[in-house]
Amino acid sequence: MDFLEPAFMQRALLAAVLVGITAPAVGIYLVQRRQALMGDGIGHVAMTGVGLGFLLNSSPVWMATLVAIAGSVAMELIRAYGKTRGDLALALLFYGGMAGGVLLINLSPTGSNANLSSYLFGSLSTVSPEDITAIAVLAAFVILVTVGLRRQLFAVSQDEEFARVTGLPVRLLNLLIAVTAAVTVTVAMRVVGLLLVSALMVVPVAAAQQLTKSFRATFVLAVATGITVTLAGTVTSYYQDVPPGATIVLYAIGVFVLLTLLAAPLARRRAKAAEAAAVDGCDSTVPAGRKPADDVRV
């Protein structure tokens, strides 16, 4: 347990837990909406915020949050109103965000490619006390939204038209999902990195779906998976001196493969049980003295 002694590891582990909770909590709605790659696009846009933070000598986390929120709102508006040129507009937004971040961080007197790498792929040693404060505040917002409004967000993610008929503010809820995803990206960038955060938002959810059927069970298992892989990846990174973001994502993919292998025989067992129950039900409805085939209508 010597990994708990360094102060930077204490901060990194705390950040890992918060990321492990928030990323799947938002990712489950993105998966339902078939927007699994939205986090990747927001990560590209957030790079401009990181560069602005270094250029203006302010907190890169808070600046990235503001820029990512603006970018996520633009993405949602393009999705809602964009027609034939919507994909082109999104591509320009993604690539422009990444290019702007690289340019601004190199124009900054305190920025460098080393700083850029730590935000792209995560870095344990660079998580500062100020970063922890920002991550904790932003994570609290994400948890409040994803748990407190889970019924409304699930309804919108599942069927927008039905949600609109029931009187839900669909446009506002869609924007809220986009903003929450943007906040989650900036929460996770110090641990996982901007280029890999989308994987942590999607893979634990996909892994949980292999075993679960209900939204609640998927949510709980996805968050548990997220916490497990982020902690495991952070500790492995400390001992093996490997990038934390890549390690965490590979652990998440490993869990997905494991649960997929476990789900196949479980699904066959459930199918056999359901078939047996259906046969028993048919037998119990056949009157005495008659064969089951007598009741079949062609």
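Here is a short walk through the structure, one selection at a time.

**Before you click**

What you have open is a predicted model, where local features need pLDDT of at least 70 and side-chain atom pairs count only at pLDDT 80 or more, while totals for chains, interfaces and linings use all residues. Residues are numbered from 1 along each chain as its sequence is written, and side-chain values use heavy atoms, with hydrogens and water left out.

**Stop 1: the whole protein**

Start with a cartoon view. You'll find 12 helices and 0 strands; here helices (H or I, at least four residues) and strands (E, at least two) are DSSP runs, numbered from the N terminus. Reading along the sequence gives α-α-α-α-α-α-α-α-α-α-α-α. Of the 298 residues, 44% count as buried. Buried means under 20% relative accessible area, exposed means over 50%, and partly exposed is in between (1.4 Å probe, protein chains only). Now for contacts, meaning heavy atoms within 4.5 Å: among those between residues at least 6 apart in sequence, 75% join residues at least 24 apart.

**Stop 2: helix H2**

Select residues 38-55, which make up H2. The expected span of a helix is 1.5 Å times one less than its number of residues. For the 18 residues of H2 that comes to 26 Å, and the end C-alpha atoms are 26 Å apart, so the two agree. Now click Val 45, where H2 bends by about 25°; the bend is the angle between axes fitted to the seven residues ending there and the seven starting there. H2 is mostly covered, with 15 of its 18 residues buried.

**Stop 3**

Move on to Asn 57, in the loop between H2 and H3. Its phi is near 55°, a positive value in a residue other than glycine. Most residues other than glycine have a negative phi. Asn 57 has a relative accessible area of 69%, so it counts as exposed.

**Stop 3: helix H3**

Next, select 60-81, which is H3. Its 22 residues should span 32 Å, and the end C-alpha atoms are 31 Å apart, which agrees. Colour the buried residues of H3, among them Pro 60, Val 61, Ala 64, Val 67, Ala 68, Gly 71, Met 75 and Ile 78. While you turn the view, remember that an α-helix has 3.6 residues a turn, so residues three or four places apart point the same way.

**Stop 4: the largest pocket**

Helices H3 and H4 (86-107) are the elements that give two or more residues to the lining. H4 gives the most, with 4 residues.

How is a pocket found?

**Stop 5: Gly 96**

Stay in H4 and pick Gly 96. At 37% relative accessibility, Gly 96 counts as partly exposed.

**Stop 6: Ala 206**

Jump to H10 (residues 197-209) and select Ala 206. Ala 206 is partly exposed, with a relative accessible area of 21%. Thr 260 is 54 residues from Ala 206 in sequence and 9.5 Å away in space, C-alpha to C-alpha.

**Stop 7: into helix H12**

Asp 241 sits in the loop between H11 (215-240) and H12. Its phi is near 55°, a positive value in a residue other than glycine, and at 70% relative accessibility Asp 241 counts as exposed.

Now select Thr 247 in H12 (residues 244-285). Buried or exposed? Thr 247 is buried, with a relative accessible area of 11%. Leaving out residues up to four places away in sequence, Thr 247 touches Gly 233, Thr 236 and Val 242.

Finish at Ile 248, also in H12 and buried at 0% relative accessibility. Not counting residues up to four places away in sequence, Ile 248 touches Val 191, Val 192, Leu 200, Val 229, Thr 230, Gly 233 and Thr 234.
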